[in-house]
Amino acid sequence: MALIRCPECRQKISEHAENCLHCGFSLKQEDLAIYKQQLEERRLHNAEINRKSTKLHLIWFCIFALFIIIASLITQS
C-alpha cells in the first residue's frame, strides 16, 4: 500500500482511498479531471492578470522616466 498526497490539502493518504480523510476531497477519476480543468483555468486567469500588471508597471515606469527627463531639462535651463 503506497501513500500519495491529496491534491487539495497535501496530506498523505492511501492510494486506494476514494476521499481524503483530512479534507474530504474526492479522488475519483472524474472529479480529478474536473479539478485539473479548474486548475488550468485558474492558471490561465492568473497569467492574464500578470500580463496586465506588467503592462501597467511599464506604463508607470515610462511616465516616471518622462517626468525625470522633463525635470532635468527644466533645471538645466
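Trainee: What radius of gyration does the chain have, and what would a compact globule of 77 residues have?

Mentor: The radius of gyration is taken over C-alpha atoms, and the globule rule is 2.2 Å times the number of residues to the power 0.38. By that rule a compact globule of 77 residues would come out near 11 Å, whereas the chain has 25 Å. Along the principal axes, its C-alpha atoms fill a box of roughly 80 × 20 × 15 Å. Bear in mind that this is a predicted model, in which local features need pLDDT of at least 70 and side-chain atom pairs count only at pLDDT 80 or more, while totals for chains, interfaces and linings use all residues. Residues are numbered from 1 along each chain as its sequence is written, and side-chain values use heavy atoms, with hydrogens and water left out.

Trainee: Which pattern does the chain follow along the sequence?

Mentor: Helices (H or I, at least four residues) and strands (E, at least two) are DSSP runs, numbered from the N terminus. Here the pattern is β-β-α, with 2 strands and 1 helix in the chain. The strands are S1 (3-5) and S2 (12-14), and the helix is H1 (29-76).

Trainee: Which residues make up the largest nonpolar core?

Mentor: In soluble globular proteins, nonpolar side chains tend to be buried together. A nonpolar core is a set of buried Ala, Val, Leu, Ile, Met, Phe, Trp, Tyr and Cys residues joined through side-chain atoms within 4.5 Å; buried means under 20% relative accessible area, exposed over 50%, and partly exposed in between (1.4 Å probe, protein chains only). The largest such core has 7 residues, namely Cys6, Ile13, Cys20, Phe25, Leu27, Leu32 and Tyr35, and of the 77 residues of the chain 12% count as buried.

Trainee: Which residues does Ile13 touch?

Mentor: A contact means heavy atoms within 4.5 Å. Leaving aside residues up to four places away in sequence, Ile13 touches Ala2, Leu3, Ile4, Cys6, Cys20, Leu21, His22 and Leu27. For the chain, among contacts between residues at least 6 apart in sequence, 6% join residues at least 24 apart.

Trainee: Is His16 buried or exposed?

Mentor: His16, in the loop between S2 and H1, counts as exposed because its relative accessibility is 61%. Its C-alpha atom is separated by 9.3 Å from that of Ile4, 12 residues apart along the chain. Ala17, also found in the loop between S2 and helix H1, is partly exposed, with a relative accessible area of 24%. Lys36 lies in helix H1 and is exposed at 60%; the C-alpha atoms of Lys36 and Pro7, 29 residues apart along the chain, are separated by 9.6 Å.

Trainee: What is phi of Arg10 near?

Mentor: Most residues other than glycine have a negative phi. Arg10, however, has a positive value near 65°, and this residue is found in the loop between strands S1 and S2.
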